Amino acid sequence: MGYRLAELAAQVGGRVEGDPERIIEAIRPLESAGPRDLSFLKDPRYRGQAAASGAGALLVGLSLVDAVPGRDLLVADDPSWALARLLAVLHPEERRPPGVHPTAILEPGAEVDRQAHVGPYAVIGAGSRVAAGAAVLAFVAIGRDCVVGEGAVLHPHAVLYDRTEVGARSVVHSGAVLGADGFGYATHQGAHHKVPQVGRVVLEEDVEVGAGSTIDRAMLGETRIGVGTKIDNLVQVGHNVVTGRHCILCGQAGIAGSARLGNYVVLAGQSGVAGHIELGDGAQVAAKSAALASVEPRTQVAGIPAVEMRRWRRQVALLSRLEEIVRRLRAVEKKVGEER
Amino acid sequence: MGYRLAELAAQVGGRVEGDPERIIEAIRPLESAGPRDLSFLKDPRYRGQAAASGAGALLVGLSLVDAVPGRDLLVADDPSWALARLLAVLHPEERRPPGVHPTAILEPGAEVDRQAHVGPYAVIGAGSRVAAGAAVLAFVAIGRDCVVGEGAVLHPHAVLYDRTEVGARSVVHSGAVLGADGFGYATHQGAHHKVPQVGRVVLEEDVEVGAGSTIDRAMLGETRIGVGTKIDNLVQVGHNVVTGRHCILCGQAGIAGSARLGNYVVLAGQSGVAGHIELGDGAQVAAKSAALASVEPRTQVAGIPAVEMRRWRRQVALLSRLEEIVRRLRAVEKKVGEER
Amino acid sequence: MGYRLAELAAQVGGRVEGDPERIIEAIRPLESAGPRDLSFLKDPRYRGQAAASGAGALLVGLSLVDAVPGRDLLVADDPSWALARLLAVLHPEERRPPGVHPTAILEPGAEVDRQAHVGPYAVIGAGSRVAAGAAVLAFVAIGRDCVVGEGAVLHPHAVLYDRTEVGARSVVHSGAVLGADGFGYATHQGAHHKVPQVGRVVLEEDVEVGAGSTIDRAMLGETRIGVGTKIDNLVQVGHNVVTGRHCILCGQAGIAGSARLGNYVVLAGQSGVAGHIELGDGAQVAAKSAALASVEPRTQVAGIPAVEMRRWRRQVALLSRLEEIVRRLRAVEKKVGEER
């Protein structure tokens, strides 16, 4: 029930300064960690708390090796990634046993692998397949002809409309809705007529979708979320959107229909992307900003409408000088006798 | 298993150019359509893709009849509306058979028409009525004394609090919550005391509510969504809001309590409307904008706070010229010998 | 079946002007109230509607005693709070009877007090406790080792991940998700690796969480919502956020990870708070605004990025004068012969 500090260091390719035999049982925040806990210091601002902490050992990066003298340290090249790894070691996720809960409903033709877990009151539609190691938790509603890949997890109350595909190891949190109808209407004689949405949603592998997020099915074809893309809570992804690999969509961001995101695109919190535009690889949209036109690769934009980050910063700075500008203008006007 | 192109044209009052006998089985995007598929060209920018497409026929409007010579065409006055119609013909929605799933729970006094469909694990409260042709899908929670009109569809996990009314042919997507308590408190001696919300929510006919959207019950009286209004995903509608007919509320828009929208009002994505104000018929609020004061009919507004669209455009343009303005001011100051 | 006006006045420490024996059965809006209804006038703008109302009596504050002569009045010092109280008296919430619905699933080791209500198809995980007077309604998913305090209400489809704690008398509306994984990844060799989120969510007493809102579990430790804090619909609260007592978070507001809010903080609709910053007691962030830096106690901020409210107002005013400024600058340039 615990690991030697040296064992933990080995797990993440790090090294120990101090006692390699110290036993560590858990990872805890600086303020509550005790002698059998590992804590961490990533930001030098918290150096004081680290010194005062009761933690048995501290995980640090190379730059902070000398920040807290006299403590047992686990030193890692990439302390954030080491922390992620060590949390998985010391706080392993509960294994959900294979098997289908007796209250789950599998429509005829639904196939659930024997190594998959299906929880109470889940409903799996005809023609859908759940692969080995996947977990379909309580109240999950899976429509027809869906695919849930190996090791994927659908948390309680996730919803998959017909034909949705969830890639291997992807995670869908509670309340997320994949595959609802895109928002498409043809206005004819004063009424908005629904354009049937007959496409589908595909999450590739290692995608995560946060609680309450919604990804609409395509009108035709696919709405597709690329490998390793991570989506936070309450994010809206419109129909026919395609994202590349390893994008990050932060909380309450929204993407209108048919927009295309390259790889490694970042949308900060509450940002928005207009329909039918393209964000190049590595493009970043700042928090609260609205990308209304396409964005070049590796370009950061901010503002409403979004402009290049540096330009936005100057605009904000100048905006705060408007009073001064008016005063100076008035002074010049007086000097030249300009009437107002 | 397919329609002659001429038959499809007749369905939408259009005409054929080319072979009226061509058999069409599906509608597909330009890039994946084959010889038995109809595709479409609505925007001349995609003319190249249309020419290269393997589609058997193309749906076009009058202005694009000559855009792709030598192809079989279905020419329609209103191609968007024709596309909506033809999708319904060629990709008809699966009919849900009438009947109540054995796991559905109908409280005493709940009435479900024999021509309605109630899915697995739906719960329908006492005094609620579900009309003919309606579909109440898996895990839908309907409170007491609710009404679900003819042909209405409640997708899996939709929630109706007590006394909510959903009009005929209205559609409520997964995770939408109709009738939760409005956000009303009376602050008294330092604590916020809940103002009981005893009103209800009414959706009129042909309304659509997107996934995860929330429409709060009125404190007293009704929160009411007018005929044909379409609401996208993750939209918030506060208590006592009333919208007119055929409004369009795009994704993540929000309307604070007691605001009133006329007919044909459009709220673009992530826009907001303050409480107790009025948006006249045909008013439009741009994406990301915040209408903090009432808006005249047929007026487009943008910005935070929102001003008339043209004025907002000028502001944005001038904002980008602030650096130039400061430079020019400095030049004039130098000329007149103004000290700084 | 009704109360004498004098009885109602006594309930709220108010007094009657007019007939104390008048029988009141309900509270209704001015436009639909009848002779056995109480209505109310809080804003003098509605004086005309009040005069025209068929209401048997009107609730008013001291300042509006003379606003509608000749009517029976219930005069209260704090009419908003009186209205909240009287709604609870005249429109009492339906009592949910104690007991566990036969379709609810209690995992081994889940404890439900005999005075609690558990509705159809609720699932309560191992080690979780539901206290007396609490109501766990249809389809609520409670993970393991959760606590639902006395008199708390979880509306249909609320979700609690493992170890979530809901304080006494707190209310969680439908579709709200408490305790989903915080949005934390360590990017390593081009891929985003999940940082396991092993903390939890704690709602203290008298908290309310609106429909579809999401509060993420902490990475380590707790995400904590203070006593009496009220959260509207579709609000996002990131991991490790801590709020003080009696905060108000309006619809679609968002708080990024590790931000700290003092007591009585107000976030208006669609506002945002950056991660790792601190909002002092009584701080207020205006609608649509983004607090990107810490805010002093009792300070109102607005804008993106948010600045002090007064400064923001001046910026907005000056922004609308930019055209005039450019004109005046041009006039001065002409006068001094400045070339452009």
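The questions and answers below concern a predicted model and its chains, strands and interfaces.

In this predicted model, local features need pLDDT of at least 70 and side-chain atom pairs count only at pLDDT 80 or more, while totals for chains, interfaces and linings use all residues. Residues are numbered from 1 along each chain as its sequence is written, and chains are lettered from A and ligands numbered from 1 in the order in which they are written.

Q: Which kind of rotation axis relates the two copies, chain A and chain C?
A: Copies are superposed by least squares on the C-alpha atoms of residues with pLDDT of at least 70 in both. A rotation of 120° with 0.0 Å of shift along its axis places chain C on chain A, with an RMSD of 0.1 Å. The two copies are thus related as by a three-fold rotation axis.

Q: What radius of gyration does chain A have?
A: The C-alpha trace of chain A spans about 85 × 70 × 30 Å along its principal axes. The radius of gyration is taken over C-alpha atoms, and the globule rule is 2.2 Å times the number of residues to the power 0.38. For a compact globule of 340 residues the value would be near 20 Å, but chain A has 26 Å.

Q: How far apart are the centres of domain 1 and domain 2 of chain A?
A: Chain A is divided into domain 1 (3–90), domain 2 (99–312) and domain 3 (314–340), with bounds from an automatic or database domain assignment. Taken over C-alpha atoms, the centres of domain 1 of chain A and domain 2 of chain A are separated by 36 Å.

Q: Which residue of strand S27 of chain A stands opposite Leu203(A)?
A: Helices (H or I, at least four residues) and strands (E, at least two) are DSSP runs, numbered from the N terminus, and two strands pair if DSSP finds at least two bridges between them. Strand S24 (residues 200–203) of chain A runs parallel to strand S19 (residues 165–166) of chain A, joined by 2 bridges, and Val166(A) stands opposite Leu203(A). S24(A) also pairs in the parallel sense with strand S27 (residues 222–225) of chain A over 4 bridges. There, the residue opposite Leu203(A) is Ile225(A).

Q: Are the residues Arg200(A), Val201(A), Val202(A) and Leu203(A) of strand S24 buried or exposed?
A: A residue is buried if 20 or more other C-beta atoms, placed from the backbone, lie within 10 Å of its own, exposed if 12 or fewer, and partly exposed in between. Arg200(A) and Val202(A) point one way from S24(A), Val201(A) and Leu203(A) the other way, and all are buried.

Q: Which strands are the edge strands of the open sheet in chain C?
A: The sheet has 5 strands in the order S2-S7-S6-S5-S4 (chain C), with mixed pairing. S4(C) pairs in the parallel sense with strand S5 (residues 37–41) of chain C over 2 bridges, where Ala26(C) has Asp37(C) as bridge partner. Pairing on one side only, the edge strands are S2 (15–17) and S4 (26–27) of chain C.

Q: Which element gives the most to the side of chain B that touches chain C?
A: Two residues are in contact if their C-beta atoms, placed from the backbone, lie within 7 Å. The contact takes 49 residues from chain B and 49 residues from chain C. Elements that each supply at least two residues of the chain B side include strand S21 (177–180), helix H4 (309–319) and helix H5 (322–336) of chain B. With 7 residues, the element that gives the most is H5(B).
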